[in-house]
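Good morning, and thank you for coming. Please have the sequence and the coordinates open while I speak.

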Amino acid sequence: MLELRNVSHVYGNGTRALDDVTLSVPTGMFGLLGPNGAGKSTLMRTVATLQTPTSGSITFGDIDVIAEPERLRETLGYLPQDFGVYPRVSAYDMLDHMAVLKGIASAADRKATVETLLNQVNLWNVRKKAIAGFSGGMRQRFGIAQALIGNPRLIIVDEPTAGLDPEERNRFLNLLAEIGENVVVILSTHIVEDVADLCPRMAVLAGGKIRLEGAPLELIEQARGTVWAKAIARDELTDVRERYELISTRLFAGRTIVHILSEVDPGNGFEPVRGGLEDVYFATLARTRRPVDTAALAA
Ligand SMILES: Nc1ncnc2c1ncn2[C@@H]1O[C@H](COP(=O)(O)OP(=O)(O)OP(=O)(O)O)[C@@H](O)[C@H]1O
């Protein structure tokens, strides 16, 4: 179990990227969903011990992550958002090199590790090819292979499906699902379906704060009765935007379907819908953007 308590991070320029984040992440796939700039990468890098938070504590099992970063690194697999330069080295040689860096000293152990991983991520046939020539999906699968060296118990993947075509995305998510059965996997993403498809638990991060946390199915259930839909003509959209809390628009058969958030029946032709995770997510972001109710705070 990974536990973050009251973690805040303020960058040198005053940006508060994390604001009192408290979160428990159990074994299995955990989705961290948030828009660009929410603080996801800051949180991932902090848990991965690449930066120290301004305040707060983080533990993984009996490891104090901030005080003992080297102990965490021994059991960590990390796939950063941007892997940086892709070398002209073959996938096999690069993995072998990274296995040396991870401390697998015996050549026989390394051979077994590298061969198993290349098969697991389905890159065995291209193991002799340079990573620089890999497609986006192949690079991400290579990224997972390097993250898995040494059987980590905590795996962090930061926005791994951005830019992948649907087939590669599917392949990558299936791979993650297999890995995620017995270890803690944190998947940071702004893509709602990644979380809906894979994660038994999730949190929404926006403006550096955790805005929502739970099991996707329960969160969808809780949102019941607050999401309403209506098909409108394109030119009615501005009016709907002004009068209601709009959470999404979608085109269907030439009409615009709008989903709005309302605790009471908005009437006016709106029908209640059983929202999906996307509605839950956008409704959470809409609530985050609401002006602070100063009267309620004062009461
Ligand atoms: N090194 C830095 N110095 C100053 N501000 C930073 C730094 N890194 C990130 N920030 C700011 O902190 C906030 C959170 O950024 P972060 O990259 O963690 O968000 P994110 O959710 O990962 O977004 P994205 O998906 O766009 O990477 C943003 O306002 C960003 O501009």
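Two conventions come first. The model is a predicted one, in which local features need pLDDT of at least 70 and side-chain atom pairs count only at pLDDT 80 or more, while totals for chains, interfaces and linings use all residues. Residue numbers start from 1 along each chain, as its sequence is written.

Let me begin with the N-terminal strands. Helices (H or I, at least four residues) and strands (E, at least two) are DSSP runs, numbered from the N terminus. Two strands are said to pair if DSSP finds at least two bridges between them. On that basis, an open sheet of four strands has the order S2-S1-S4-S5, and its pairing is antiparallel. S5 and strand S2 (16–25) are the edge strands; each has a single partner strand, so one side of each is left without a neighbour in the sheet.

Now the individual pairs. S1 and S2 are joined antiparallel by six bridges, and histidine 9 has leucine 18 in S2 as its bridge partner. Strand S1 (residues 2–10) also pairs with strand S4 (residues 55–60), in the antiparallel sense and over five bridges. There, glutamate 3 has threonine 59 of S4 as its bridge partner. S4 in turn pairs with strand S5 (residues 63–64) over two bridges, again in the antiparallel sense, with phenylalanine 60 facing isoleucine 63 of S5 as bridge partner. These two strands, S4 and S5, form a hairpin with two residues between them, and glycine 61 in the turn has a positive phi of about 55°.

S12 and strand S13 (residues 255–261) run antiparallel and are joined by seven bridges; serine 248 stands opposite histidine 259 in S13.

What lies across this sheet? Axes are lines fitted to C-alpha atoms, for helices over the stretch in contact, and angles run from 0 to 180 degrees between N-to-C directions.

I turn to the helix pairs. Helix H3 (residues 91–101) packs against helix H4 (residues 107–120) at an angle of about 130°, with the axes 10 Å apart. H3 is therefore oblique to H4; angles under 35 degrees count as roughly parallel, over 145 as roughly antiparallel, 65 to 115 as roughly perpendicular and the rest as oblique. The crossing of H3 past H4 is right-handed, meaning that the near helix is turned clockwise from the far one by less than a right angle. By class, the contact of H3 with H4 holds seven nonpolar, one polar and two charged residues. Ala, Val, Leu, Ile, Met, Phe, Trp, Tyr, Cys and Pro count as nonpolar, Asp, Glu, Lys and Arg as charged, and the others, Gly among them, as polar.

Helix H5 (residues 136–148) and helix H6 (residues 166–179) pack at about 15°, their axes 9 Å apart. H5 and H6 are therefore roughly parallel to each other.

Finally, the ligand. Of the 13 residues around the ligand, Tyr11, Asn36, Lys40, Ser41 and Thr42 come nearest; a residue is near if its C-beta atom, placed from the backbone, lies within 6 Å. Helix H1 (residues 40–47) gives the most to this shell, with three residues.
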